[in-house]
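The entries below follow the order in which I checked them.

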Amino acid sequence: MKIAIIDADLIGRKRHRFPNLACMKLSGYHKECGDDVILKLDYENLEDYDKAYISKVFTDTKVPDTVLKLSNVSFGGTGFYYDKAPALPDEVEHHRPDYHLYDEWVAEQIAAGKKPGEFSYYTDYSIGFLTRGCFRKCSFCVNQNYDRVQMHSPLFEFYDESRPKICLLDDNFFGCPNWRMLLEILQATGRPFQFKQGLDERLLTDEKCEVLFRSNYDGDYIFAFDNIADMPLIEDKLKLIRKYTNAVPKFYCFCGFDRADKWDADFWRQDIIDLFRRIELLMKYHCLPYIMRFNRYTESPYRGMYITIARWCNQPGFFKKKSLREFALANGEKSSAMRYLTVFERAVPEAAKYLDMKFNEVSQ
């Protein structure tokens, strides 16, 4: 058969630095069946194929409705269904990914002047899930259909010895009872590995820290600090982390989401204050915040503050050297960043102290 595989995010987004795992599994399965497979970079002439698959991760990636109505087209992924996305058939889900699906596209991008390092996840990593599921059921998260974490795929199912690194997409790895065995299997490969989605620091223990921090880890240790209510527990775990490593972990900090579903002026003010409190605690323990904004932040009267804080925190070179006020001033006294800070400081005077905190002064 002639098979067309479309990574909709590859077509519909300006930046695309991570391959679609479902697309690679579909390609691997069909190539093993003897089918002719192509990574298609547009939606033209899909009628010429026996089967066309379209997958997307992001909900705001646009796909023409007329394409989705074609009888030979199948589509799926969180971008279409969010938490109701149907699972791949087992024979596809547990098939080795086709790590060469994107080869021609990557070569074209590099030939056009882009840096090879931008495509390392396409060229250097074995990618997959050792475990699936999360018991947290956070209201803003796609993982609503699980009550526990369980083993999903053995490493050999997606591990390619020709690739120098391993990338895990597990939802909440340390929630799995078999976490130690799985970490030891990863360590035995000798390959650097990372958990792309981050790890749940609330589950850390001395045993987990001892095993994790002596691993050949790739890149930043990534955790999350999403809720100010977790602050005492997070500080306990930060103290625990500091017993085992001097590394500078990165913490996703989710903001702009009203758990009480009020979305009023009081919420927007307090949400930014609470974000500053989280940033201050992370500074204290020499950790980096990475700001992630819920899409309704655009409704906030302080929308510009969310943007400016994210620009400051998400560029470690600036964050480690400048306070937020200094960062805004570096953009110019009449810049939008300074205007946002001035307006917010007048509206919320108690925020003033947070505008001047600096990484190397707050950290221990």
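Entry one, charges over rings. I found the charged end of K56 over the ring of F80, 4.8 Å from the ring centre. A charge sits over a ring if NZ of Lys or CZ of Arg is within 6 Å of the ring centre and within 35 degrees of the ring normal. I also noted R132 over the face of F129, 3.7 Å from the ring centre.

Entry two, ground rules. This is a predicted model, where local features need pLDDT of at least 70 and side-chain atom pairs count only at pLDDT 80 or more, while totals for chains, interfaces and linings use all residues. Residues are numbered from 1 along each chain as its sequence is written, and side-chain values use heavy atoms, with hydrogens and water left out.

I looked up how many aromatic pairs the structure holds, and the number is 32. Rings of Phe, Tyr and Trp (its six-membered ring) pair if their centres lie within 6.5 Å; planes under 30 degrees apart count as stacked, over 60 as edge-to-face and the rest as tilted. The F18 and Y121 rings have centres 4.9 Å apart and planes at 50°, so I logged this pair as tilted. Y121 is buried at 14% relative accessible area, and F18 is partly exposed at 22% (buried means under 20%, exposed over 50%, partly exposed in between, with a 1.4 Å probe and protein chains only). For W105 and F119, the centres are 5.5 Å apart and the planes at 85°, so that pair is edge-to-face. Both W105 and F119 are buried.

I listed one aromatic cluster whose members include F173, W179 and Y221.
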